[in-house]
Amino acid sequence: YVIVERTSSAPTGSIIISEIDGSWTMKYLRCDKTGYYLEPGNSKYKIIRPRNDLKINAIVTAVVRKYV
């Protein structure tokens, strides 16, 4: 489970819940010279750069793990 705070902005490096080009995802928010992009926590997946829209909906503030 993740605990989030609803917000429309987040500092770079935060884990965010966002809508990017019509799809929802939870990724790290990053920025470089070409603009903002989303970086997955798993290196097997590629980064996502918005083609049209990137809407930040929440920032992850905590993770709750269940071990049963």
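A: The protein has zero helices and five strands, and its pattern along the sequence is β-β-β-β-β. Helices (H or I, at least four residues) and strands (E, at least two) are DSSP runs, numbered from the N terminus.

Q: How do you know how confident the predictor is in the protein?
A: This is a predicted model, in which local features need pLDDT of at least 70, side-chain atom pairs count only at pLDDT 80 or more, and totals for chains, interfaces and linings use all residues. Residues are numbered from 1 along each chain as its sequence is written, and side-chain values use heavy atoms, with hydrogens and water left out. The pLDDT is the predictor's confidence in each residue, from 0 to 100. The protein averages 95, and 100% of the residues score at least 70. Confidence is lowest in strand β4 (residues 35-39), at a mean of 95, and highest in strand β1 (residues 2-6), at 97.

Q: Why is V2 called partly exposed?
A: Buried means under 20% relative accessible area, exposed over 50%, and partly exposed in between (1.4 Å probe, protein chains only). V2 has 37% relative accessibility, and therefore counts as partly exposed. V2 is located in strand β1. Across the protein, buried residues make up 22% of the 68 residues.

Q: What makes β2 and strand β5 a pair?
A: Two strands pair if DSSP finds at least two bridges between them. β2 and strand β5 (residues 54-63) have five bridges and run in the antiparallel sense.

Q: Which residues make up the covered face of strand β2, and which the uncovered one?
A: In strand β2 (residues 15-20), I16, S18 and I20 form the covered face, whereas I15, I17 and E19 form the uncovered one. In a regular strand the side chains alternate between the two faces of the sheet.

Q: What is known of the pairing of strand β3 and β4?
A: Strand β3 (residues 23-32) pairs with β4 in the antiparallel sense over five bridges. Y28 stands opposite E39 in β4. β3 and β4 also form a hairpin, with two residues between them.
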